[in-house]
Amino acid sequence: MKKSFKDVFSDVVITILRPFINFLMKREITVVATGDVIEKDREPFILISNHFGTWDSFIIMKNIKKHIRFVATEIAYLDLPKKIGMGILARTIRKRVGKSDYVATKKIFEFLNLGYSIGIFPEGDNTFSGKTLNIYKNTGKLIKKAGVDVVLCKQQGGYISQPRWADYFSKKGVVHTHTSTLITKEELEKMTPLQINKRIKEALANNDYDFQREHMFNMEREKRAEGIERLVYYCNKCQSVLTVFGRDHDMFCSKCGKIGTINEFEFIEGNKYDNLVDYNKYQYSKIEDVINSEFMFVVMLNEVNTEKLVNKKIGRHRLHYKDKTLTLSGKKSIYKFEIEKMQFPVNTMRHSFSFDYEGLTYNFTDIRHQFVLYEMCRYINGSYKKK
């Protein structure tokens, strides 16, 4: 196969832009890269990494000179600058999270045949709490079929530097990466998809708070607790739902007051749980209490045109949750979504929550409580990563 004009154009543009992108990235985050350096002339491989934030695809390229075609969630394309940057310049392979996608799979093998390597984040989403998420069950099947080396770039420190939920990121963040060949194509021949998944899951496993305990970097992050309501939906002191919020460095509950302070090393003082991985594990153990509760907040409701990948803005609505049903009330419309019918939930960036419902795709934006909706869907409907 011969590279198309679009592919050649993308390769040239990315090569030119790469130093400028790295310069911009250095203003927010320093990458300390160790391990193998992957040269341009290496045979095609599949690159895997754990997922922390928007800089990930650039961070993990620090030691990699070969052109990569990354697989990216199609919901990210709803943002016009990302549609241009990801779709035209970077030639990413768009895929809807959780869905079988023949077109995306076909593109992966086309790019491998053209000599490109493929970049995959097997978790499919970047972590809200700082611990690696489960990977998709079909990852091993895809890699087995590809039959190429699997290269791992393990990241540590990215979440602590720039927590996904936070309103303010550190300007002195540090990410450590280590690049190595995880599985050779010869090893793949002897492995089952389940064995491949197991190897990948173990290799990606990371808890950024454990990493931080070893290094204790001072991130000097402003207003460290603000935005915490994107993650925390349950108060561990008075057991109330959607009452926790951040003010400066302090975590407050609107019912029982101050419940903790996030210190300069990103640990929580004055709470039973000194980190958000353990706090999140605790609050998820109370998810049935959340499901049996009642709450309200405001969102922007959009309907997604999945063919053109654009949001049709419907308008601001008050979201009222009760009895496993979301009722959205606007000036001119009322929508009802039964959680048991909400499929393929996706959190994108810090302020977007998408899902399929009765054949249509909807997107909530300007939202600060999407994580609770995601967790309720996951508990009620099961993990779509098993499909």
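Which residue in β7 is the bridge partner of A33? In this predicted model, the bridge partner of A33 in β7 is T177. That pair belongs to the contact between β1 and strand β7 (residues 173-183), which run parallel and share seven bridges. The points below cover two open sheets, one of seven strands and one of four, and then two pairs of packed helices, α5 with α8 and α10 with α12.

**The seven-stranded sheet**

- Strands of a sheet are held in pairs by backbone hydrogen bonds, and the pairing is either parallel or antiparallel.
- The seven strands of this open sheet lie in the order β1-β7-β6-β2-β5-β3-β4, and their pairing is mixed.
- At the edges are β1 (29-35) and β4 (93-95), each of which pairs on one side only.
- From one strand to the next, the twist averages 25°.
- Helix α4 (residues 102-113) packs on this sheet and touches β2 (45-49), β3 (68-73), β4 and β5 (117-120).
- The direction of α4 makes about 160° with that of β4.

**The four-stranded sheet**

- A sheet of four strands, also open, has the order β8-β9-β10-β11 and antiparallel pairing.
- Its edge strands are β8 (244-247) and β11 (268-269), and each of these pairs on one side only.
- Strand β10 (residues 257-262) is joined to β11 by two bridges in the antiparallel sense.
- E269 in β11 is the bridge partner of T261.

**Helices α5 and α8**

- To describe two packed helices, one gives the angle between their axes and the distance between the axes.
- Helix α5 (residues 139-146) and helix α8 (residues 193-204) have axes that come within 8 Å and cross at roughly 110°.
- Angles of 65 to 115 degrees count as roughly perpendicular, so α5 and α8 are described as roughly perpendicular to each other.
- On the α5 side, T139, G140, K141, I143 and K144 take part in the contact, and they meet P193, I196, N197 and I200 in α8.
- Sorted by class, this contact of α5 with α8 holds four nonpolar, three polar and two charged residues.

**Helices α10 and α12**

- Helix α10 (residues 276-285) packs against helix α12 (residues 370-381) at an angle of about 55°, and their axes are 11 Å apart.
- The two helices, α10 and α12, are therefore oblique to each other.
- The crossing of α10 past α12 is right-handed.
- N280, Q283 and Y284 from α10 meet F371, E375, R378 and Y379 from α12.
- By class, the contact of α10 with α12 has three nonpolar, two polar and two charged residues.

Key
Residues numbered from 1 in each chain as written. Predicted model: local features only at pLDDT ≥ 70, side-chain atom pairs only at ≥ 80, totals over all residues. Heavy atoms only, no water. Pairing = 2+ DSSP bridges. Axes fitted to C-alpha atoms, helices over the stretch in contact; angles between N-to-C directions. Parallel < 35°, antiparallel > 145°, perpendicular 65-115°, else oblique. Left-handed = near helix turned anticlockwise from the far one by under 90°. Contact = heavy atoms within 4.5 Å. Nonpolar A, V, L, I, M, F, W, Y, C, P; charged D, E, K, R; others polar.
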